[in-house]
Amino acid sequence: MTPLALTAFTATSCLGRGLGATFAALEGARTGLAPCRFETVTLDTHVGEVAGVDDERLPGELEEFECRNNRLALLGLRQDAFDEAVRTAAGRLGPKRVGLWLGTSTSGILETELAYRRRDPGTGALPADFRYRGAHNTFSVAAFVRRALGLEGPAAVISSACSSSAKVFASAQRAIAAGLVDAAVVGGVDSLCLTTLYGFHSLQLVARTPCRPFDVERDGLSIGEAAAFALLERPESRPAAGSVLLLGTGESSDAWHMSAPHPEGRGASAAMTQALAAARLAPDEIDYLNFHGTGTPSNDAAEARAVAAVLGTRIPGSSTKGATGHTLGAAGGLEAVICALALRHGLMPGGVNTRSIDPALGVAYLLENRRAPLEAVMSNSFGFGGSNCSLIFGRAA
Amino acid sequence: MSGALTAWVESVALLGPGLPDWPSAAQVLAGTAAYDPHPTVLPPLGCLPPAERRRTGKVVRLALTVGLEAVARAGADAGKLPAVFSSSGGDGENCHEICQALASAERQISPTRFHNSVHNAASGYWGIATGATAASNALCAFDASFGAGLLEALVQIRVDETPVLLIAYDADYPEPMRSVRPIPDAFAVALLLTPAARQGSMARLTVDLSAASAERLADPQLEALRAQVPAARSLPLLRRLARSERAAVVLDYLESQRLRIEVSPCH
């Protein structure tokens with residue numbers, strides 16, 4: 001594929017607001033996970049909650065989109081002047097020529113969960129202030145961001161669980177290559193809600209202590225929330241040295257099971273292989289891998305097999321979910337931004353919380369930060385329904 | 001758009017109220033049979049192992065039924081096709097059950113309810129049923145979901161030069177969600193689209209963004225279906241295909257954008 005430039009990007013998670021706070025936490029090997037105090041949830045677990053989300057208020061003309069997920073989206077858009085960069089691009093290219101692809105798994109479902117507690121005792125009706133379109137619907141976050149940024153191009157939400165906001169990079173890349181748009185805002189926004197907390201709990205996939213990806217004692221994931229965005233554009237003929245490029249994307253389906261990965265990582269291997277082919281890179285040209293690395297026994301085992309088969313056993317890698325939690329539909333976007341920071345600063349973040357690497361996994365998992373100039377890095381994102389996506393980012397020479 | 005997007009329609013499948021399959025729907029849309037809108041009947045799904053079949057909800061059965069019908073009509077291999085799934089709301093019954101459980105004291109959700117809650121559930125079951133390991137997307141664009149799915153498929157066809165199976169589907173919510181999102185009944189359409197003409201191609205589609213108004217249907221009951229179900233926003237296009245009519249048609253898409261489609265029948 002023809003590389004695209006990430007001309008602006010930002011991320012907000014439990015590590016903090018914007019790139020500065022995110023990088024400082026990674027550099028300091030800090031986790032943002034804390035005991036769960038979210039809403040009325042009584043589960044004994046840790047979560048990556050973004051501080052102050054509900055202090056945000058949507059502008060009056062966008063009030064119909066009021067919900068925690070869109071408050072988090074707005075908070076995220078404002079960091080690193082990302083919203084200004086998009087408005088400038090839309091002014092230059094025309095708002096109809098800028099597309100929008102966002103990933104989310106649960107959008108504003110928290111509002112619906114809360115509304116179900118306030119149903120009319122007689123009729124069962126939802127309260128009159130419940131907004132289906134602006135809050136509940138899966139597209140609500142994209143409808144909101146499109147209006148907030150003044151974009152008028154094609155738009156969609158991709159919602160394939162935990163691969164959602166990785167796959168938006170592939171869809172946007174194709175749309176630019178096909179000439180449908182000249183630039184695209186991509187990213188992911190997913191926020192804490194009861195469905196995912198109690199749902200992953202029902203599958204016995206939630207860890208009690210902060211998640212420990214690739215640890216011999218790993219016992220599940222920690223759920224987080226995040227808003228991460230990037231602006232994708234065709235690069236100038238000679239992109240500025242150090243600018244971050246999207247070099248390759250790969251997508252596949254496991255065709256195996258709804259909530260368990262293929263044990264040999266068949267789909268994961270296919271996604272990584274495709275991404276390498278799209279980027280025209282050999283496996284040993286990938287300098288760092290950001291694992292999907294949820295911390296569940298089955299994910300990390302299947303992913304390790306796939307990585308060993310495609311990239312070999314010596315590639316340095318880590319999962320940053322020990323720091324951020326698993327931000328589900330926002331994970332692909334958040335980890336894309338972490339990869340961009342890794343390239344920009346020459347820092348491979350070590351996986352926090354993990355103490356003793358599972359020797360059965362046979363991967364070169366980083367427990368400590370490592371500094372080195374990075375040319376190309378890969379990020380993996382896999383979701384329920386066997387949806388897999390691998391992305392490769394590079395740094396312009 | 002610098003060069004409109006083009007694809008050839010290899011086959012169509014449809015399931016909706018009073019529209020049990022494409023041949024019957026084509027007669028209704030062509031005006032050679034009267035429209036009798038009795039409730040959508042979902043046929044049993046034979047393509048999944050019994051254990052998986054028991055776990056599927058209405059939207060999964062709906063999406064898989066039209067997907068399999070489109071593939072069968074084209075004599076294609078489902079296992080080799082990339083797919084685009086687009087739905088405005090996913091599984092409303094499952095969502096209702098989860099929200100009801102979370103509002104109760106126990107807050108117990110079953111693992112099956114939870115994994116069926118993902119918007120890509122139909123895509124996941126499609127892979128299990130057909131063995132398709134290629135890329136599969138699961139989109140939502142509220143009332144623009146059909147248009148978003150069509151554009152996603154056309155872009156993939158242009159860039160990757162591959163056939164793509166597009167499946168757009170919506171099912172009705174139970175109360176109390178039904179009152180706030182009044183989708184009257186289940187409706188799904190599948191289009192197998194190819195990058196070049198083949199022997200069995202039905203028509204060429206050339207798609208561009210447009211500011212023109214979306215076309216309505218003359219039959220008031222079909223028009224009500226089009227207006228109330230996002231996947232049924234496809235009906236004016238399907239009508240042209242049913243009539244093998246060379247014409248341009250404008251479909252509903254986003255608030256500020258519509259899709260203008262040149263339909264050129266192959267015979």
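Trainee: What share of the 397 residues in chain A is buried?
Mentor: A residue counts as buried if 20 or more other C-beta atoms lie within 10 Å of its own, as exposed if 12 or fewer do, and as partly exposed in between, with C-beta atoms placed from the backbone. In chain A, buried residues make up 68% of the 397. Keep in mind that this is a predicted model: local features need pLDDT of at least 70, side-chain atom pairs count only at pLDDT 80 or more, and totals for chains, interfaces and linings use all residues. As for names, residues are numbered from 1 along each chain as its sequence is written, while chains are lettered from A and ligands numbered from 1 in the order in which they are written.

Trainee: How many helices and strands are there in chain A?
Mentor: Both are DSSP runs, numbered from the N terminus: helices are H or I with at least four residues, strands are E with at least two. Chain A has 12 helices and 17 strands. Its radius of gyration is 20 Å, close to the 21 Å that the globule rule gives for 397 residues, so chain A is as compact as a globular protein of that length. That radius is taken over C-alpha atoms, and the rule is 2.2 Å times the number of residues to the power 0.38. Along the principal axes, the C-alpha atoms of chain A fill a box of roughly 65 × 50 × 40 Å.

Trainee: Which strands pair with strand 9 of chain A?
Mentor: Two strands pair if DSSP finds at least two bridges between them. Strand 1 (residues 4-13) of chain A pairs with strand 9 in the antiparallel sense over seven bridges, and Ala11(A) stands opposite Ala228(A) there. Strand 7 (residues 183-190) of chain A also runs antiparallel to strand 9, joined by eight bridges; here Ala183(A) faces Glu233(A).

Trainee: Is strand 9 of chain A enclosed or open?
Mentor: Eight of the eight residues of strand 9 (226-233) are buried, so this strand is largely enclosed by the rest of the structure. Ala226(A), Ala228(A), Ala230(A) and Leu232(A) point one way, Ala227(A), Phe229(A), Leu231(A) and Glu233(A) the other.

Trainee: What is the order of the open sheet of three strands in chain A?
Mentor: The order is 3-4-8, with mixed pairing. Strand 3 (34-35) and strand 8 (223-224) of chain A are at the edges with a single partner strand each, so one side of each has no neighbour in the sheet. Strand 4 (residues 46-48) runs parallel to strand 8, with two bridges between them, and Val47(A) has Ile223(A) as its bridge partner.

Trainee: How do I check a helix, say helix 10 of chain A?
Mentor: Compare its span with the expected one, which is 1.5 Å times one less than its number of residues. Helix 10 (residues 297-310) has 14 residues and should span 20 Å; its end C-alpha atoms are 20 Å apart, which agrees. Just after helix 10, Gly312(A) takes a positive phi of about 90°. Now try helix 12 (residues 331-345) of chain A: its 15 residues reach 21 Å, close to the 21 Å expected. Helix 12 is mostly covered, with 12 of its 15 residues buried. Just after helix 12, Gly346(A) has a positive phi of about 60°.

Trainee: Which residues have the most contacts inside the largest nonpolar core?
Mentor: A nonpolar core is a set of buried Ala, Val, Leu, Ile, Met, Phe, Trp, Tyr and Cys residues joined through C-beta atoms within 7 Å. The largest one has 244 residues, and Ala184(A), Phe393(A) and Ala188(B) have the most contacts inside it. Helix 3 (residues 58-74) of chain B gives the most to this core, with 10 residues. Contact means that the C-beta atoms of two residues, placed from the backbone, lie within 7 Å. Leaving out residues up to four places away in sequence, Ala184(A) touches residues including Trp101(A), Ala172(A) and Leu232(A).

Trainee: How many residues of chain B are in contact with chain A?
Mentor: 52 residues of chain B are in contact with 53 residues of chain A. Helix 7 of chain B gives the most to the side of chain B that touches chain A, with seven residues. The residues on that side divide into 27 nonpolar, 20 polar and five charged. Here Ala, Val, Leu, Ile, Met, Phe, Trp, Tyr, Cys and Pro count as nonpolar, Asp, Glu, Lys and Arg as charged, and the others, Gly among them, as polar.
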